[in-house]
Amino acid sequence: MKVTIIVPVFNAEKYLARCLDSLLCQTHNEIEIICINDGSTDNSGVILKDYEKKDSRIKIYTQNNGGRSSARNLGLEHVRTEWFMFVDADDEIYPEAVSKLLESSSDAVSAVVSSLTVKHEVFKEKAIEDNNYYKIKEDKERTIGPCDLFSFHASVCGILFRKSRVVEFKLRFPEGLNYEDVYWHWCYFSTPSTVSFMTTPTYIYTRHNHSIMTSTFAKEEGISPDHLKIVERIFSYYKNSNIFEPSASYTRDLLETYFFLAKEHATVTDQFLIYYLIRRILREYKIIFSDRPVLLQILEVKPSLEQGTDIDKFRYLTSFLTIAEKVFPKGSKRRCILKKIVFKK
């Protein structure tokens, strides 16, 4: 059975050859490797062409830099097989990865999810935490739904996906946002489906200086609020699919979890945007939060939650932006300029 591997590539010359070598040495030979050169300015393009000449299983598509989501979306357009997987250009997979994933697949399952191994070039102190998060606890085939999605990692790596499910659900990655794997995780598994879980790791994820999680831990400006923007996109997808439940436990858990993640890694400036975003989500999606003290406090903007945030300034900014959203159309240049001025970005 043939499997397609999608590899988004952007300025990955340091890791790219290692990644491609790990794909080409798979014990399962029936693979097609779709590489998306996402406007690389280093030697990644040269490396890709060299490998394409060596092995006909490699197909290269080039686009202007649009980000990893954009590159993955282009890759999805060229998938012609039922099973496919994602591998980032700075990572690698074990030699028997595809074989083992296929062995655990069947006509009854919508995905095969394996453990991941994390290689740390930075943040080595997070090794135990990372490897626990990316570890599948038991080999088992079971039916899951949204209420089970916190029970395994939200990475798209080390997983076999079905193209037919992607087509049916009209799934694509959200472009222009970080943490896009979370969106895919919650949308792909948005309805009950049977999944095969593997304790054996098939994927080696490299945590290095240029990864998005490194930027998150370093509290770089403007990144942390994407946690909540992704949740907003998930809720929008659920609502458009007529499966949104404002009172469901997993709905509130998702919002609370990513609020705290956003807040934990936010700069002082981003704190204002984070509180604005969660209040907007609570209102727009009519989240039932009467039994959730944290969400209640957020909506009421209680100082105990702000931890030094200027409450008056926060109230002014959120009121100002709420009015602005009614005046300026969503996605308009004026609204974007206004937000940049308000948040000084």
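User: What makes R165 a residue that lies over the face of Y188?

Analyst: In this predicted model, R165 is 5.2 Å from the ring centre of Y188. A charge over a ring must be within 6 Å of the ring centre and within 35 degrees of the ring normal, and R165 is accordingly listed as lying over the face of Y188. The charged end of K54 likewise sits over the ring of Y51, 4.6 Å from its centre.

User: Why is the pair of F152 and F197 called edge-to-face?

Analyst: The whole structure holds 23 aromatic pairs. For F152 and F197, the ring centres are 5.0 Å apart and the planes meet at 70 degrees. Pairing requires centres within 6.5 Å, and planes over 60 degrees apart count as edge-to-face, so the pair of F152 and F197 is edge-to-face.

User: Which parts of the chain does this pair tie together?

Analyst: F152 lies in the loop between strand 7 (140-144) and strand 8 (159-162), whereas F197 belongs to strand 9 (residues 193-207), so the pair links parts that are 45 residues apart in sequence. Both F152 and F197 also belong to one aromatic cluster, whose members include F84, F86, W184 and Y188.

User: How do you know whether F152 and F197 are buried or exposed?

Analyst: The cut-off for buried is under 20% relative accessible area. F152 has a relative accessibility of 6%, so F152 counts as buried. F197, at 5%, therefore counts as buried.

User: What does the same test give for D181 in helix 7?

Analyst: D181 is found in helix 7 (residues 180-188). Its relative accessibility is 14%, and D181 therefore counts as buried. Beyond residues up to four places away in sequence, D181 touches R72, A154, S155, V156 and F173.

User: What covers the buried residues of helix 1?

Analyst: C19 is one of the buried residues of helix 1 (residues 16-24), together with L16, L20, S22, L23 and L24. Their cover includes strand 1 (3-9), strand 2 (31-38), helix 2 (44-54), strand 3 (58-63) and strand 5 (92-93).

Terms used:
Residues numbered from 1 in each chain as written. Predicted model: local features only at pLDDT ≥ 70, side-chain atom pairs only at ≥ 80, totals over all residues. Heavy atoms only, no water. Buried < 20%, exposed > 50% of the residue type's maximum accessible area, 1.4 Å probe, protein only. Helix = DSSP H or I, 4+ residues; strand = E, 2+ residues; numbered from the N terminus. Contact = heavy atoms within 4.5 Å. Phe/Tyr/Trp six-rings, centres within 6.5 Å; stacked < 30°, edge-to-face > 60°.
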